[in-house]
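Subject: Structure for you to look at

Hello,

Here is the structure I said I would pass on. Please open it next to this message and follow the notes below.

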Amino acid sequence: MATITQPPTQEQPLDPDGIAGSSVRRGDRTFLGLSTGSGIFVLVLMAGIAVFLIWQSIPAFTENTANPLTEQSWLPDADPPVFGFAVLFFGTIVTSIIAMLLAVPIGYGIALFIAFYAPARVASILGFLVDLLAAVPSIIFGLWGLYYFMPYVVPAAEWLSQYLGWIPLFANDPEIWTKSILMAGLVLAIMILPTVSAISREVFLQVPRMHVEAALALGATRWEMIRMAVFPFSRPGMISAAMLGLGRALGETIAVALVLSAVFEINWQITAPGGNSFAANIALKWGEAGDVGRSALIASGLVLFFITLIVNMTARWVISRRKDFSGAN
Amino acid sequence: MAIASAERATGSVHLTGRRLPRWAPWALAAASVGVGLLVQFSGITAMGLAPGIVAALVFLIGQTTASGIVEGRRHAVDRLATTLVYTTFVLALAPLLWILITVTIKGLSVMSPEFLTGTMRNINPRDAGGGLFHAFIGTLIQVGIAALIAVPIGVLAAIYLVEFGRGKLAYFISFFVDVMTGIPSIVAGLFIFTALILTGVLEQSGLAGAFALAILMLPVIIRATEEMLRIVPNELREGALALGVPKWKVVLRIVIPTAISGIITGVMLSVARVAGETAPLLLTTFLAQSTNFNPISGSQASLPTFIWDQISRGTNAAVDRAWGGALALILFVLVLYAGARLISRYFAPKTS
Amino acid sequence: MRFTRNAAFAATALTSALLLAACGGSSDGGDTTAPTDAPVSDCATGSIKTAGSSAQANAMSVWITDYQIACPDATIDYQPVGSGAGVEQFIAGQTSFAGTDSAVTDEDLVAANARCEVGAAINIPMVGGAIAIAYNVEGLDSLTLTPTVLAGIFANNITKWNDPAIAALNSGANLPDATIARFHRSDSSGTTDNFSAFLAATAPDVWTFDGGKDWIAPGGQGAKGSDQVAASVEQTPNSMGYVELSFILEAENAKGALIDNGAGPVAPTSQNASNAITLATQVGTGDDLALQLDYAVSSADAYPIVLVTYETACQAGLPADQNPALVSSFLTFAASDAGQGLLSAEGYVPISGDLLTKVRASVASLATS
């Protein structure tokens, strides 16, 4: 269980097989160079994208006559240009929160089912079906959500507003239950399920059998085994799976554009139509945007970029507090 | 401990403690269905909840309570967890299967040998027929090039992070890989469009599309590979290193083969993710109705842009073709997936 | 390793099952009947890329099909990315010409002229369109609206189908006591721009919102693209939305409302819209045929909610590798009787009368090399 600290890795002083020391070092050096180079390439690429986004969004920020943080309209090509990120920020965050609240526990549930509960034969086929869904293009998720799923979401939304309407979040003044933030959150949840469950399943399957069997041998119930042997080992991987899901939810474009009735107002009533998100707004406005409009859309991409930055910092902070169970640290 | 003291208190000497009889969950399930039917037909409304949900709640609460009384808290929690895990699975599988079935049924209505081998050249939006061969070739080329770029870089970067990376550089790389997963796909397309196309390095082409897709694949591959490499037990590395095997050989012959199945899942997920990406391709490639094998120049279609194009045409024939395109895309990934699994089996360390 | 083998097996089995099932399906084949006499007199060869307005995507498709059948050595690809992006790509030198919902003017025209180097960029109106007010009310086969009532509905002042204002225009019709489920475009579009310009021009007292490509009136639900607005109306009982005429041609539940601009109800037909477009005034200079539409047109055979989409091309100075010969040859075909004759069946509006003569003169002025 306890992790042994990594031995010195640069060179192996002993060479029992008679491999020439210099060739070993050359092989290691080449390999180190290649992998370091790839890592640095990622940084260069990211820097390139960030620099480009900032550079391209400068015109929008200098032309904008409103406070970009609080303004609730999007008219960058008007004279004078007026736009703000408040609505997009709200919609992106709330739809992603709804998606995460549903998809993360359910995704872990699927992964646990496949790894520890289901008969192997059934599990592998079902798990495979779930993986396949990662390939369904988001426009299909959007169309399916709009025409097949929404008729079933509407009664649920009606129920929420009828019985929990005293919570402002579930109130519904227009009494229309379609194309809501809730609807977008649900579709997003279904879209990110395959991502969350596929990665956490792989992580669960890598838990050393010995840990599992030791826990069961000590008389733990299956759930106690999962809680005490599986979760501690898999936690960083589980968080990583959730983060990849969140990444997809935050940046999802077409599906949100289809199932959300895009409106520029902060809409707290999540069962009523209205709301918008960064990525959907870019897709909806891009084709007809003028010069300032395009720059403003790139600026909104930059803000989305910063949101993922903040989200990831938080996640890292969470992971760093529980690092000690990773196989190789 | 807790078990022992509980046993002493009740004076029980059973090895396994008291359990619910085998028929109990089934009886409870039947009772729950009964309650559900009661709600369905008697007009008693439980806050307007659907009968199925009422039945599920009755089962959940009933079983946990019964188990708690008879078997004790630990088993009650275990049963609750088991029921919840099964429930989540069914809950999640329902919409997922529903989508697959919808796409299959709607897609099969246009699927035909002509659909797979034909193109949209000289097919009007209102005409039936046409095909997606041109789009399929485009996707094959674009995703293939993207994978050729992203997989080596991604796996090597992950190896760096897990096997070599120390200190600030590794921290920054790892951090920005995470941030990279959040780049909206349209921004990746935008980046390629302004950085490579507007500057005249490339024209709108399959290659430009592949670059945009590679940007999207990279973080998924790195994160998945990294995660898999991290859980390769250190004992394996240390054992090999102790035998004097050079580090690079340890990584290539011990670490990667151990993690290969997970790495391939990651690569597949990344391929699956980008194979359906529409937004970046709309900016970087040029929609075509004819087949073009050349990724460097000329317009080249792809399955997602084909689907997008057909849906926005709005005619019945075109929308049918779009569903056919979606089915073809899923089949494409399916075949890739099966192939990847076979390859991973070939490379995986032999067990027993 | 049972898991991997099963997965591979399942994949193979599923694939072959689907493929087998696919082979059983029928197909109408993709043959398009070739026109009887060759519609193109001087075929050009090679290929061009062009991009722009999604409103004219289907018109482009039918032109490209017939052109390519007549001239098998030519390939034309049109990417319906939106007018703004299409003009941007044209200015950036990526495409041979642009399709746009609004004529390229002001700064963009300066940039476009610069792109054409020695020549000038000109706007050529090539496809007209009618914006239909699609509605879906069971049993309501005909609906008449005036601009004022239409503006009232879309400004959220009139919310019920049996509102007295609607009833007054449709005496005898059985109007339901239901809320009007309103749909508008959630994406930026020339259609929204033209529709709100129409409302602003004909009902300025009721329609007090700024025009533009984005919908900003309160209420209603947004849908992405004309295809989704049309599909939403088709699916939602008691709904209404504005779409280009071509998107309701195949609809079963959605119908187009008649508009009464003072001279009695006029149906949204290709012919009626063509009559309205002919009355537009030219605001561009010389061969640049940028138009100003007359939304207030009051005539018993002119449908007033129309739009015109343009092809913006270089009169001269298009680089040889972007194939000016093919641009000229293709646009000549599009402006010909054969080309314009294809439009009505697709729900578009052909250019006619004096305007068509001017269009042909403009196209003829395009350099072929």
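**What was found**

A338(C) lies in helix α11 (residues 337-341) of chain C; helices (H or I, at least four residues) and strands (E, at least two) are DSSP runs, numbered from the N terminus. The model is predicted, so local features need pLDDT of at least 70 and side-chain atom pairs count only at pLDDT 80 or more, while totals for chains, interfaces and linings use all residues. Residues are numbered from 1 along each chain as its sequence is written, chains are lettered from A and ligands numbered from 1 in the order in which they are written, and side-chain values use heavy atoms, with hydrogens and water left out.

**Chain C**

Back to A338(C): with a relative accessibility of 36%, this residue counts as partly exposed. The cut-offs are under 20% relative accessible area for buried, over 50% for exposed, and partly exposed in between (1.4 Å probe, protein chains only). Leaving aside residues up to four places away in sequence, A338(C) touches P39(C) and F333(C), where contact means heavy atoms within 4.5 Å. I153(C) is 185 residues from A338(C) along the chain, and their C-alpha atoms are separated by 40 Å.

Chain C as a whole has 12 helices and 14 strands. Of its 369 residues, 58% are buried. Among the contacts in chain C with a separation of 6 or more, 75% are between residues 24 or more positions apart.

The domain assignment divides chain C into domain 1 (16-127 + 312-364) and domain 2 (130-277); such bounds come from an automatic or database domain assignment. The C-alpha centres of these two domains of chain C are 29 Å apart. Domain 1 of chain C brings 13 residues to the contact and domain 2 of chain C brings 12 residues. Together they bury about 980 Å², with 51% of it on carbon and sulfur atoms. Buried area here is the accessible area (1.4 Å probe) that two parts lose on being put together, summed over both. On the side of domain 1 of chain C, D101(C), G347(C) and V349(C) supply 42% of the area buried against domain 2, more than any other three residues.

**Chain B**

Which domains does the assignment give for chain B? They are domain 1 (21-108) and domain 2 (133-347). Their centres, taken over C-alpha atoms, are separated by 39 Å. Seven residues of domain 1 of chain B are in contact with five residues of domain 2 of chain B. The two bury about 530 Å² between them, and 86% of that is on carbon and sulfur atoms. V103(B), K106(B) and G107(B) lose the most area on the domain 1 side, together 72% of what that side buries.

Helix α2 (residues 23-42) of chain B has the buried residues A24(B), P25(B), S32(B), G36(B) and V39(B). They cover an arc of only 115° around the axis, which puts them on the same side of α2(B); the arc is that of the directions from the helix axis to the C-beta atoms. Part of what covers these buried residues is α3 (51-70) and α4 (73-108) of chain B. The face of α2(B) turned away from the buried side carries the exposed residues W23(B), W26(B) and F41(B).

**Between the chains**

Chain A gives 100 residues to its contact with chain B, and chain B gives 93 residues. The area buried between chain A and chain B is about 9,200 Å², with 77% from carbon and sulfur atoms. One salt bridge is found across this interface, where a salt bridge is a side-chain nitrogen of Lys or Arg within 4 Å of a carboxyl oxygen of Asp or Glu. R74(B) forms a salt bridge with E224(A), with the closest N and O atoms 2.7 Å apart.

By this rule there are 20 salt bridges over all chains. One of them is between R294(A) and E88(C) (3.3 Å, N to O). R294(A) lies in helix α10 (residues 291-320) of chain A and E88(C) in helix α3 (residues 83-91) of chain C, so the pair joins two chains. R294(A) is buried, with a relative accessible area of 8%, and E88(C) counts as buried at 18% relative accessibility.

Regards
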